[in-house]
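Welcome, and please open your viewer. We will go from stop to stop, selecting a few residues at a time and looking at what is there.

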Amino acid sequence: MTVEPRVSIHPDSSVLMAAIAARLITKLVDVQDTYGEATVVLTGGTVGIGTLKAVADSPAAPAVDWSRVNFWWGDERFVGAADPDRNVKQAYDALLSHIPVDPARVHAPGSTEEFATVDDAAAGYALELADAAAAEHAADMSDDRPEQPGALPRLDVVLLGVGPDAHVASLFPEQGGIREKNRTVVGVENSPKPPPLRVSLTLPTINTAAEVWMVVAGEDKAGAVGLALAGANPIQVPAAGPRGTSRTLWLIDENAASRVPQQLVRKDAAGA
């Protein structure tokens, strides 16, 4: 079951990133209390990486057992592993190199050193997700354990930025990635935003997550945010598509919120 999104508006991007960081730390602690480990899907961009820096700087960060957090990415540039444009590299610089992560729990999409083509990299990432799902299934001793593992592990929180064109991850308006219904991961060959080659989770994969957090700042995103929250078609406005199974949060600053439907602000902003 999916639920309607809730909107939380913050005065500016600095306050926004600090608030997301605090939410994320609390959420990971709560999930670890329930399952013993937690899984988060990271995003890049100014807000995504700024949030990771805010987590690293938070005095509450040690409350999380970082050695039992599984890290994935919603998308990645298909470039060299050391390329500064890589979301993974930026995440290491901002957070992962500052906390005691288990390297086996950090699942980075493959680079050009590892795979010959972007489609190969996408297939490799899909296999890694399936392997994690199988390991999770094998460790499940509960009475309601399914007979067979699925294609995806449990995703507790997915963080997603939004582009001015309303793309999320590397799912762009009208392109094949946002239309994909069967695969868990796709290779993108014609990204309108450089670099053109990318690996991305698909919308059906994103929508298996318990919680999806849309993290957005800036007036240049206001049109995309407004259209998404007004219920636009995800093919034209990919940001309209993500929905968590238990919660969907739009965590945005006042600039990005300037075109949010007022009924959503009145209904959700205070209680999100």
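Start by selecting Gly44, Gly45, Gly161, Val162 and Lys193: of the 22 residues that line the second largest pocket, these lie nearest its centre. A pocket here is found on a 1 Å grid over the protein atoms alone, as an open set of points where a 1.4 Å probe fits, with protein on both sides within 12 Å along at least five of seven lines; lining residues have an atom within 4 Å of a point. This one has a volume of about 340 Å³, where volume is the space filled by probe spheres set on the points, and points are joined across faces, edges and corners.

A word about what is on your screen: this is a predicted model, in which local features need pLDDT of at least 70 and side-chain atom pairs count only at pLDDT 80 or more, while totals for chains, interfaces and linings use all residues. Residues are numbered from 1 along each chain as its sequence is written, and side-chain values use heavy atoms, with hydrogens and water left out.

Now colour the lining by class. Ala, Val, Leu, Ile, Met, Phe, Trp, Tyr, Cys and Pro count as nonpolar, Asp, Glu, Lys and Arg as charged, and the others, Gly among them, as polar.

Which element gives the most to this lining? Helix 2 does, with 4 residues. Strand 4 (75-77) and strand 8 also supply at least two residues each. Helices (H or I, at least four residues) and strands (E, at least two) are DSSP runs, numbered from the N terminus.

Stay with helix 2 and select residues 45-57. Its 13 residues reach 18 Å from the first C-alpha to the last, close to the 18 Å expected at 1.5 Å a residue; the expected span is 1.5 Å times one less than the number of residues. Within helix 2, show Val47, Gly48, Ile49, Thr51, Leu52, Ala54 and Val55, which are buried. Buried means under 20% relative accessible area, with a 1.4 Å probe and protein chains only. Their cover includes helix 1 (13-35), strand 2 (38-42), helix 3 (87-94) and strand 8 (211-216).

Next, move to the largest pocket, with a volume of about 500 Å³. Among its 22 lining residues, select the closest to the centre: Glu37, Ala132, Glu136, His137 and Arg154. Strand 3 (69-73) and helix 4 (118-139) are the elements that give two or more residues to this lining, and helix 4 gives the most, with 6. By class, this lining has 11 nonpolar, 6 polar and 5 charged residues.

From there, pick Asn70, in strand 3. Is Asn70 buried or exposed? Asn70 is buried, because its relative accessible area is 9%. Leaving aside neighbours within four places in sequence, Asn70 is in contact (heavy atoms within 4.5 Å) with Glu37, Ala38, Thr39, Val40 and Arg105.

Our last stops concern the backbone. Most residues other than glycine have a negative phi, and most peptide bonds are trans. Select Ala166, in the loop between strand 5 (157-160) and helix 5 (176-179): its phi is positive, near 75°. Ala169 is found in the loop between strand 5 and helix 5, with a positive phi of about 50°. Ala166 is buried at 3% relative accessible area, and Ala169 is buried at 10%.

Finish at Pro194 and Pro195, which are joined by a cis peptide bond with omega about -5°. Pro195 is in the loop between strand 6 (185-188) and strand 7 (198-201).

Note on methods
Buried < 20%, exposed > 50% of the residue type's maximum accessible area, 1.4 Å probe, protein only.
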